[in-house]
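Please look at the structure shown here with attention to how its parts are placed against one another. The paragraphs that follow go from the overall arrangement to individual residues.

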Amino acid sequence: MSTRQTNCSEKLSHKRPAKVDRFWIGATYYPEHWDEKTRAKDPELMVDAGFNIVRMAEFAWTMMEPQEGNFDFSFFDSEIERLGRHGIRTMLCTPTAAPPVWLTRMHPEMLRVNENGVRMSHGSRQHACPSNPLFRAFSKKISSAMAEHFSGNSNVVGWQTDNEFNCHFNECHCEACQNAFRDFLRAKYAGDIAELNRRWGNVFWSLSYSDFAEIETPHQMKPAYVNPSHQLDYYRFINHSITAFQHDQVEILRRAGGKKWFITHNGCFNHIDYRGDFSKDLDFLGYDVYPMFNNRPDWRASSQAFALDMTRALAGNFMVPEHQSGPGGQPPYFHNNPLPGEARAMTWKSISRGVDSLLYFRWRTCRFGAEEYWCGIIDHDNVPRRRFKEISSVGNEIKKLGSKILGTSVSIDCAVAGGDMEAQDADSTYLLGLPTIFQAGANVHSVLLKRKFAVGAVHPEDDLSGLKLYFIPHWSFFKKEWVKKLESFVENGGTLVIGARSGSRDENNHVVADLLPGCLKELAGVSVVEYGKLNPDSGVRLELDFGGSSATAEHWYEALELEKGSRPYAVWRGLRHLDGQCAISLRNLGKGKVFYVGTYFTYNFADLFLPGISSEAGLEPVLGGIPEPIEVTVRKDSKRKLYFIVNNINEDCVLPSAPAGTDLLTGKKIAEGQSLKLEPFGCALVESTAS
Ligand code: GAL
Ligand code: ZN
């Protein structure tokens, strides 16, 4: 990789605002899919919808470079100009997710190879390998040609690199990857193969190598299980390769556009460290929001909230380059249709949890290709109907209020740990049939959300100030250097809850030599003297006895020995040798508390356990008396609070006691404690100057 020149010197933090100079609102636009007559009225309609931006040229490499080195940007020049005349700016994309057939025929070796050794072919997208030096060279050529061509165009305001790296395909086992993986390992282990053997534990199953040249990417179709250390380094390599590929493009765009362009990317997918160099290269991160992938209306709201919070944990406030506007469909599925008002509600929810600019996917539904049923704002027949009306209403609201939202950050006082690629990847290499840390985090998050606390997600090395309660849900991979931060968080009055199995794996993805929870043992004030899995067919039923109430453990148990003045908060019942042993411990430290929980955070367990913990932590709901279907989120700056109030259901719902202020959506004044009636999927945005 070339020497890194990160654009952003600030630390990536959940509190970081996105560096946008206005609230961009618009749609992804593929004018090349439509004839002139069909798209003739698009600019006027976009203005009616309150839009100020479109995203273009995302998959149009073949149009812009029909033969090698033969560039033609005339179509996009005139589209950018046509929209620009109506005040609609353009964000362009490097088109490298869709390499042309002339390129892959010329160099078939740049096509990706899947884990079964099958080489991809032309016919879809994401088929070329970012580790392939030739593909990188062609990516640089098209990026440079675009950057130079559009650098004088004042209607072009920003860029998206590629499209959703790792969305369809996040592993590649081609020849270029074999070489690049070996180079990555040579650099990581300073050319010392003995060191690699030691850190991978290659004495096991006689796996030791005598030269880096012997190492291959870990194919899943090996006869038996792959070494988890090898697997984790491979995931780190994937991140390294994508980050380098993107960095080429970012360097080119910065050189041509200086500071006048923003640069982002639309995530978030596996094996990319969005808290690392990948996002430090960008002005802000992008995240594509498609809540309708969750077919269950009763879970959709909380899964959307969790996904948004996990994104903010990576790099702060962000842009949404693609936001659901209608049902999506591809050959195997078709989403539920968002009900009237639902797309608007999803939009306000996204903004409430850290979105600082947003584009809908897509302007008009396409009639051909692999996404014929991915419904956009306008239907196949080009007649604006319900979706257009609804998106226009929220589009114009955002147009009016965007400037009041920018500069505020999401206010939270409790959080689950999130945002660490290595923790997630290490977890995935050795799941033991347990829920992932993502699922466990989602359980805790949704219970806190349901109880109307101001919940978010924060990385353990990030700024924890302002939090009263912080959860580490079973992060088996845990770095020693994160512990200090947690210790001062507790000493200053925070309540920390550490879930079972945390701290059990080190940076080599080996099990630690210590008793669990490894590097968290001191802080937790416990040692795990026995652990075991609660397989559903084992017939074992273990209860956590809280002395008055109890909860059934699922998936996992740990018996805890108390140290450092810790005391039992719950004990085990149900197995002879465990009866009475500590299941949950509590340690007072400084002004705060540490709980260690020797079982898994299922939704049911979290639901039982959290009321007690949240009152121990001194948490208060965002507002009193919020009914179940209503979600209230606060964004604030030093002077104002913005209460985003969203009704998540298809029925009227009343908030009995609203905050005092002005509902910016209606302009109506609201007195302290006044009730607020919300229509189905209705929203209010109350600006309050109260502290
Ligand atoms: C996104 C992708 C878009 C489009 C959309 C609908 O993941 O970035 O290009 O495919 O999904 O499927
Ligand atoms: Zn490859």
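In this predicted model, the C-alpha centres of domain 1 and domain 2 are 38 Å apart. Domain 1 consists of residues 25-168 together with 238-406, while domain 2 covers 414-617 and domain 3 covers 630-688. Where domain 1 and domain 2 meet, 15 residues of domain 1 are in contact with 19 residues of domain 2.

The size of an interface is often expressed as the accessible area that is lost when the parts come together. For domain 1 and domain 2 the buried area comes to about 1,400 Å², and 66% of it lies on carbon and sulfur atoms. On the side of domain 1, the residues that lose the most area to domain 2 are Arg 275, Phe 306 and Met 310, which together account for 41% of what that side buries.

Turning to the polar side of this interface, two salt bridges are found between domain 1 and domain 2, along with four residue pairs in polar contact, in which both residues have a pLDDT of 80 or more. Arg 275, already named for the area it loses to domain 2, forms a salt bridge with Asp 462, with the closest N and O atoms 4.0 Å apart.

Methods: Residues numbered from 1 in each chain as written. Chains lettered and ligands numbered in written order. Predicted model: local features only at pLDDT ≥ 70, side-chain atom pairs only at ≥ 80, totals over all residues. Heavy atoms only, no water. Domains from an automatic or database assignment. Contact = heavy atoms within 4.5 Å. Buried area = accessible area lost by both parts, 1.4 Å probe. Salt bridge = Lys/Arg side-chain N within 4 Å of Asp/Glu carboxyl O. Polar contact = N/O pair within 3.5 Å; in protein donor to acceptor, adjacent residues only side chain to side chain.
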